Amino acid sequence: HGAQGDAELDELETVQAGEFFYNGFCKRVVLNGLTAEVCKELNLAYRGYEVFLEGLTERMSIPMENIQLLVPSNNTAAESENLLTLARECGWKTITVMSYPHHQLRCFLQIVEAMRKLDIRGRAYNQSFRVKDSLWHKSMTKAVMAGGAAGGVSVVGELRDHVSAEFARIVKYGQKKSAGFIPHATIEEAFAYIREREKE
C-alpha cells in the first residue's frame, strides 16, 4: 500500500520490500495497479505503481517475473479485497501486507474484514519499515476520501500529525455503521483472527 504518496517514504518501503524478498520471506511482490496518471486525476495519496516497479526492478534488482500488478484499486478496502481474490486465484496461502508504519494497522484490519466478507481463509501478516527521525517532522498532505476521519478534507501537517488522523479513521471504520466508506475489522476481531491463525 502506498499510503502517503511521499517519495522518501516510498523509497524506504521499496527497500523494505526488496529486503523482505531477498531474505526469503516472500516469493512475489504485488503492487496496486493504479497508474500515476489515474492517481493524479483522482487526487489519490498514491504515486502509481510505476515508481515502485522502477525501484523494485532497477534499484533492488527483483526479477520482473516476481512482481505482479493488482487490479487497480482506489482505496485500502478495494486493494485488500482484490489482493485476497488474487491470492485465491493463485493458490497463495500466506500474504503479508506492507505500508507506512501509521497505515499498516488499518491495512491489516481491512484484510481481516475482507477475509471474512469474501470467505477466504489464509494466513495474513503485516510488515512496515523504520522511518528516519527527520521524516517525522516533514510536512505532508494526504487527500482523504469521503469516508475518512476528516470527512473528505485533506490532512495537512507533519507525518506525526497524520498518525492521529489515521487512528481516528480506525475508530470510525471499526464502527461499521457510518455511510461513505467500507468498514474494517475491529481491534478485537483482529486479535481473534490472530489467535485462530496461530492455531493452524
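Predicted model: local features only at pLDDT ≥ 70, side-chain atom pairs only at ≥ 80, totals over all residues.
**Exercise 1. Overall architecture**

*Solution.* 
Step 1. The C-alpha atoms fill a box of roughly 40 × 40 × 30 Å along the principal axes.
Step 2. A compact globule of 200 residues would have a radius of gyration near 16 Å, and the protein has 16 Å, so the two agree.
Step 3. Of the 200 residues, 45% are buried.
Step 4. Among contacts with a separation of 6 or more, 66% are between residues 24 or more positions apart.

**Exercise 2. The nonpolar cores**

Which residues have the most contacts inside the largest nonpolar core, and which elements each supply at least two of its residues?

*Solution.* 
Step 1. The largest nonpolar core has 20 residues, and the most contacts inside it belong to Leu84, Ile95, Ile111 and Ala124.
Step 2. At least two residues each come from helix H4 (76–90), strand S3 (94–98), helix H5 (104–118) and helix H7 (187–199).
Step 3. The greatest contribution to this core is that of H5, with seven residues.
Step 4. Consider Ile95 in particular. Beyond residues up to four places away in sequence, Ile95 touches Leu83, Leu84, Ala87, Ile111, Arg123, Ala124 and Tyr125.
Step 5. Another core lies apart from the largest one; it has 16 residues, among them Val29, Leu31, Leu44 and Tyr49.

**Exercise 3. Aromatic pairs**

How many aromatic pairs are there? Classify the pair Phe20 and Phe25 and the pair Phe21 and Tyr22.

*Solution.* 
Step 1. The count comes to five aromatic pairs.
Step 2. For Phe20 and Phe25, the ring centres are 5.1 Å apart and the planes stand at 25°, so this pair is stacked; the cut-off for stacking is under 30 degrees.
Step 3. Phe20 is buried at a relative accessible area of 13%, whereas Phe25 is exposed at 57%.
Step 4. For Phe21 and Tyr22, the centres are 5.1 Å apart and the planes stand at 80°, so this pair is edge-to-face.
Step 5. Phe21 is buried, with 14% relative accessibility, while Tyr22 is partly exposed, with 47%.

**Exercise 4. Positive phi angles**

Where are Ser61 and Asp119 placed, and what are their phi values?

*Solution.* 
Step 1. Recall that most residues other than glycine have a negative phi.
Step 2. Ser61 has a positive phi, near 60°. Ser61 sits in the loop between helix H3 (49–59) and S2 and is partly exposed, at 45% relative accessible area.
Step 3. Asp119 also has a positive phi, of about 55°, although it is not a glycine. Asp119 is in the loop between H5 and strand S4 (123–127) and counts as exposed, at 67% relative accessibility.

**Exercise 5. A buried arginine and the confidence of the model**

Is Arg169 buried or exposed, and over which residues does pLDDT stay under 50?

*Solution.* 
Step 1. Arg169 belongs to helix H6 (residues 159–175).
Step 2. Its relative accessibility is 3%, so Arg169 counts as buried.
Step 3. The side chains of Arg169 and Glu166 are joined by a polar contact of 2.6 Å.
Step 4. Turning to confidence, the mean pLDDT of the protein is 86, and 90% of its residues reach 70 or more.
Step 5. Over residues 146–151, pLDDT stays under 50, and for this segment the model has 17 contacts beyond four places in sequence.

Terms used: Residues numbered from 1 in each chain as written. Heavy atoms only, no water. Helix = DSSP H or I, 4+ residues; strand = E, 2+ residues; numbered from the N terminus. Buried < 20%, exposed > 50% of the residue type's maximum accessible area, 1.4 Å probe, protein only. Polar contact = N/O pair within 3.5 Å; in protein donor to acceptor, adjacent residues only side chain to side chain. pLDDT = per-residue confidence, 0-100. Contact = heavy atoms within 4.5 Å. Core = buried A, V, L, I, M, F, W, Y, C linked by side-chain atoms within 4.5 Å. Phe/Tyr/Trp six-rings, centres within 6.5 Å; stacked < 30°, edge-to-face > 60°. Rg over C-alpha atoms; globule rule 2.2 N^0.38 Å.
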